[in-house]
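Dear colleague,

A summary of the findings follows it.

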Amino acid sequence: MRAFEDFDALRAAVGADLGTSDWITVDQHRIDQFASATGDFQWIHVDAARAAHGPYGRTIAHGFLTLALLVPMTQQVLSVTCAKMAVNYGLGKVRFITPVPVGSRVRGSVTLTSVTDIPGGVQTERRITIAVEGAERPACVAESLVRYLG
């Protein structure tokens, strides 16, 4: 875990690879819970029998489920202890490159790409690359914008 005690330390880390999270298993229960929460019940995610005959031979995680895992991944990698509050400000470019088959393990590597001053704090951009264990290409690469207010 990389902890930043002030915004100057955060600014100084621009361009740095901040670390990699632990592995997270994407099981069918997690996929089904995500489907229930979002109303996205596409068969490729929730119908194991039908998905067995589909392009991946089993169900796969929703792309947005993979994206949502950025939160626990980045929380494992960095902490901005000087901030009173962190706000998800949105996303820049997001690409879903490789599917995440049920039962896979994923982890995120975080690079701090920019820190910009805003009133009352800073806005950071982090590039998170989500790897699938055993896959040659990442599942997702996303630019995450977070505002830290002091």
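**Findings**

Over residues 13-124, the chain is 29% helix and 37% strand, with the end C-alpha atoms 11 Å apart. Residues 13-124 are the range that UniProt lists, in an unreviewed entry, for "domain: MaoC-like". Please note that the model is a predicted one.

**The chain as a whole**

The chain contains 6 helices and 8 strands. Their order along the sequence is β-α-β-β-α-α-α-α-α-β-β-β-β-β. Along the principal axes, the C-alpha atoms fill a box of roughly 55 × 30 × 25 Å. Contacts between residues at least 6 apart in sequence were also examined, and 70% of these join residues at least 24 apart.

**The interior**

Of the 150 residues in the chain, 37% count as buried. The largest nonpolar core comprises 35 residues. Those with the most contacts inside this core are Leu10, Leu18, Val26, Val80, Val106, Ile130 and Tyr148.

Which residues does Ile130 touch, not counting those up to four places away in sequence? They are Thr66, Leu70, Met73, Val106, Arg107, Gly108, Pro138, Ala139 and Cys140. Val106, one of these, is itself listed among the core residues with the most contacts.

**Two individual positions**

Asp17 lies in strand β2, which spans residues 17-20. Is Asp17 buried or exposed? Asp17 has a relative accessible area of 60%, and because the cut-off for exposed is over 50%, Asp17 counts as exposed. Beyond its neighbours within four places in sequence, Asp17 is in contact with Arg2, Val110 and Thr111. Asp17 and Arg127 are 110 residues apart in sequence, while their C-alpha atoms are 9.3 Å apart in space.

Gly103 is located in the loop between β5 (85-96) and β6 (104-118). Leaving aside neighbours within four places in sequence, the contacts of Gly103 are with Thr25, Val26 and Asp27. Gly103 and Ile60 are 43 residues apart along the chain, and 8.9 Å separates their C-alpha atoms.

Yours sincerely

Terms used
Residues are numbered from 1 along each chain as its sequence is written. This is a predicted model: local features need pLDDT of at least 70, side-chain atom pairs count only at pLDDT 80 or more; totals for chains, interfaces and linings use all residues. Side-chain values use heavy atoms; hydrogens and water are left out. A nonpolar core is a set of buried Ala, Val, Leu, Ile, Met, Phe, Trp, Tyr and Cys residues joined through side-chain atoms within 4.5 Å. Buried means under 20% relative accessible area, exposed over 50%, partly exposed in between (1.4 Å probe, protein chains only). Contact means heavy atoms within 4.5 Å. Helices (H or I, at least four residues) and strands (E, at least two) are DSSP runs, numbered from the N terminus. UniProt positions are given in the numbering used here, feature names are shortened, and annotations may be inferred rather than shown by experiment.
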